[in-house]
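Reader: I have a chain open on my screen. Can you walk me through it?
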Amino acid sequence: MKGLFVITLILSSCTSGINMNSVDYSTLFNDGNSKAWLVNKVIYDNSIISPLENYEKNVMIFYSSRRCDLIAMKNIAREAPQKANYYLNSRMHKLTIEFSDFEMDFHLSYITEDSILMTPTHDSDYVYSIQLIPFPEL
């Protein structure tokens, strides 16, 4: 009797007729203004090749204007960052970052509350996967 109740509950609780909206990630990288991310891991062929110390890692700053800065943390305030434009496709889970001389094209493999893993697509000039984490407290 209990099994029949559970089966009935499962079959009657479907969401037919209700349109499900896809998640909009438009402010994921910039929080509606600007947001700094630490490039926590750079991965190539399942090997982590990024530095261990945070001050040796890169920082990516995403702006709501669809501009992006890339700079080594140790060079902040010492030199100008690399400038780029970025385009995020929420539906396809795809991020494209266009620098003047190369393009990074990523698939957003996973998004959690404390990290984002981006893997390069076949169209990318950049062959490394990147894990971003929110810029840590200093």
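Reader: Which residue in S5 is the bridge partner of aspartate 69?
Author: Lysine 83 is the bridge partner of aspartate 69 in S5. S4 and S5, residues 82-89, pair in the antiparallel sense over four bridges. Two strands count as paired if DSSP finds at least two bridges between them. Strands (E, at least two residues) and helices (H or I, at least four) are DSSP runs, numbered from the N terminus.

Reader: What kind of model is this, and how is it numbered?
Author: This is a predicted model: local features need pLDDT of at least 70, side-chain atom pairs count only at pLDDT 80 or more, and totals for chains, interfaces and linings use all residues. Residues are numbered from 1 along each chain as its sequence is written, and side-chain values use heavy atoms, with hydrogens and water left out.

Reader: Back to S4. Why is S4 described as largely enclosed?
Author: Five of the six residues of S4, residues 67-72, are buried, so the rest of the structure largely encloses this strand. Buried means under 20% relative accessible area, exposed means over 50%, and partly exposed lies in between (1.4 Å probe, protein chains only).

Reader: What does S4 do with S3?
Author: S3, residues 58-63, pairs with S4 in the antiparallel sense over five bridges. Valine 59 stands opposite isoleucine 71 in S4. S3 and S4 form a hairpin with three residues between them.

Reader: Which residue in that turn has a positive phi?
Author: Arginine 66, with a phi of about 70°. Arginine 66 is not a glycine. Most residues other than glycine have a negative phi.

Reader: Where else does a positive phi turn up?
Author: Alanine 77 has one of about 75°, although it is not a glycine. Alanine 77 lies in the loop between S4 and S5. At 82% relative accessibility, alanine 77 is exposed.

Reader: And serine 64: where does it lie?
Author: Serine 64 is in the loop between S3 and S4. Serine 64 is partly exposed, at 44% relative accessibility. Leaving out residues up to four places away in sequence, serine 64 touches Asn30, Gly32, Asn33 and Tyr86. Contact means heavy atoms within 4.5 Å. The C-alpha atoms of serine 64 and threonine 27 are separated by 7.5 Å, with the two residues 37 apart along the chain.

Reader: Switching to S1. Which strands does it pair with?
Author: S1 pairs with S3 in the antiparallel sense over five bridges, and serine 34 stands opposite tyrosine 63 in S3. Six bridges join S1 to S9, also antiparallel. Two bridges join S1 to S2, residues 47-48, again antiparallel.

Reader: What sits opposite isoleucine 43?
Author: In S9, the bridge partner of isoleucine 43 is serine 129. In S2, isoleucine 48 stands opposite isoleucine 43. The hairpin of S1 and S2 has two residues between the strands, and aspartate 45 there takes a positive phi near 55°.

Reader: Serine 129, then. Buried or exposed?
Author: Serine 129 is buried, with a relative accessible area of 13%. Serine 129 is in S9, residues 129-134. Not counting residues up to four places away in sequence, its contacts include Lys41, Val42, Leu117 and Pro120.

Reader: What about asparagine 40? Which side chain does it meet?
Author: A polar contact of 3.0 Å joins the side chains of asparagine 40 and lysine 57. A polar contact is a pair of N or O atoms within 3.5 Å; within protein, one must be able to donate a hydrogen and the other to accept it, and residues adjacent in sequence count only if both atoms are side-chain atoms. Asparagine 40 is in S1, residues 34-44, and is buried at 16% relative accessible area. Beyond its neighbours within four places in sequence, asparagine 40 contacts Ser50, Lys57, Gln131 and Ile133.

Reader: Last one. How many helices and strands in the whole chain, and how much is buried?
Author: The protein chain has one helix and nine strands. From the N terminus, the order is α-β-β-β-β-β-β-β-β-β. Of its 138 residues, 32% count as buried.
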